[in-house]
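Hi,

Here is the structure I promised to pass on. Please open it first, then read the notes below.

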Amino acid sequence: MSLTFYGAPMSTAGITELVLEELGVPCETVTLDISKGDTKKPDFLKLNPNAKVPVLVHDGSVIWESAAITMYLGETFGVEKKLYPAPGPKRGEAMKWIVWTNVTLGEAVSRLTRNTTDWFPADERNAKAGETAKNDIATCLRILDEALSGKQYLLGDYSLADAHLHSIVGWMKMLNIDFAPFAQIGAWSERCSARPAYAKVVGSHS
């Protein structure tokens, strides 16, 4: 088996890195420097014309988009390790949360960073749009908080859906988003952070 993971520090590739660590799947890791334009070089663009990480190459097949990668790795390696549901309704739930992380929550977070951080030029920012994004994120967090009520993890037992979503939530905590009203998320996040794989990945970047 040939498995190669292309990632970069402080990017959404951190999600894939955590998923791979949870699964314990041996792979070759290629670390790119986004600031030096590594993702825009011809060789990488042949793999992902979007010029983004993460990218996974498994036995010659190229997969991009972190949600797709998490679901693919879950289906391929996670079922027997009890980290991803077998085909059926539970798998549908896992897919729901993984995609929600990237599409619904991720879109609101993207709007917040675009309009409130110095990662983008001041003349491209819109304070009102930033405020709307903050409200939309709060709505998303309420949905997640209610979904975790009475449960240790999203599907009951820990799964790659938790790894995927928690990776984004951990990053969101650096954006001055107020998590105080969401006690269920706080407790769930602590449980996710206590996992050895999470500690190892975070430690490797500190």
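Thr39 sits in the loop between β2 (28-31) and α2 (42-47). Bear in mind that this is a predicted model. Is Thr39 buried or exposed? Thr39 is buried, because its relative accessibility is 4% and the cut-off for buried is under 20%. Its side chain reaches the backbone oxygen of Ala51 at 3.3 Å. Leaving aside residues up to four places away in sequence, Thr39 touches Leu32, Ile34, Phe44, Leu45, Ala51, Lys52 and Val53.

The peptide bond from Val53 to Pro54 is cis, with omega near 5°. Pro54 lies in the loop between α2 and β3 (55-58).

**The β3-β4 hairpin**

Next comes β3. It pairs with β4 (residues 61-64) in the antiparallel sense, over four bridges. Val57 has Val62 as its bridge partner in β4. The two strands form a hairpin with two residues between them. Asp59, in the turn, has a positive phi of about 50°.

**Other positive phi values**

Two loop residues are worth a look. Met10 has phi near 55°, a positive value in a residue other than glycine. Met10 is in the loop between β1 (3-7) and α1 (13-23). It counts as exposed because its relative accessibility is 69%, and exposed means over 50%.

Lys82 also has a positive phi, near 60°, and is a residue other than glycine. Its loop runs between α3 (66-78) and α4 (89-116). Lys82 counts as exposed, at 71% relative accessibility.

Gly24 follows α1 and has a positive phi, near 65°.

**Helix α1**

How many of the eleven residues of α1 are buried? Eight are, and the helix is mostly covered. The buried residues are Ala13, Ile15, Thr16, Leu18, Val19, Leu20, Glu22 and Leu23. What covers them includes β1, α3, α6 and α8.

**The nonpolar core**

In soluble globular proteins, nonpolar side chains tend to be buried together. Here, the largest nonpolar core has 61 residues. Which members touch the most other members? They are Leu144, Leu165, Met172, Ile185 and Trp188. The largest share of this core comes from α4, with eight residues.

Not counting residues up to four places away in sequence, Trp188 touches Leu144, Leu148, Gln152, Tyr153, Leu154, Asp162, Leu165, His166 and Val169.

Follow one of these contacts, Leu148. Leu148 is in the loop between α5 (127-147) and α6. It is buried, with a relative accessible area of 1%. Leu148 and Trp188 are 40 residues apart in sequence, yet 7.7 Å apart in space, C-alpha to C-alpha. With residues up to four places away again left out, Leu148 touches Tyr153, Leu154, Gln184, Ile185 and Trp188. Tyr153 and Leu154 are also among the contacts of Trp188.

**The largest pocket**

Rolling a probe the size of a water molecule over the atoms shows where empty space is left. The largest pocket holds about 1700 Å³ of space. It is lined by 42 residues. Which of them lie nearest its centre? Met10, Ser11, Thr12, Ile168 and Trp171 do.

The elements that give two or more residues to the lining are α1, α4, α6 (160-172) and α8 (196-204). Of these, α4 gives the most, with eight residues.

**Pro196**

Last, a residue in helix α8. Pro196 is exposed, with a relative accessible area of 66%. Pro196 and Leu32 are 164 residues apart in sequence and 25 Å apart in space, C-alpha to C-alpha.

**Where to look first**

Start with the cis peptide bond from Val53 to Pro54. Go on to Trp188 and its contacts, Leu148 among them.

Best wishes

Key. Residues numbered from 1 in each chain as written. Predicted model: local features only at pLDDT ≥ 70, side-chain atom pairs only at ≥ 80, totals over all residues. Heavy atoms only, no water. Buried < 20%, exposed > 50% of the residue type's maximum accessible area, 1.4 Å probe, protein only. Polar contact = N/O pair within 3.5 Å; in protein donor to acceptor, adjacent residues only side chain to side chain. Contact = heavy atoms within 4.5 Å. Core = buried A, V, L, I, M, F, W, Y, C linked by side-chain atoms within 4.5 Å. Pairing = 2+ DSSP bridges. 1 Å grid on protein atoms, 1.4 Å probe; cavity = no way out; pocket = protein on both sides within 12 Å on 5 of 7 lines; lining within 4 Å. Points joined across faces, edges and corners; volume = space filled by probe spheres on them.
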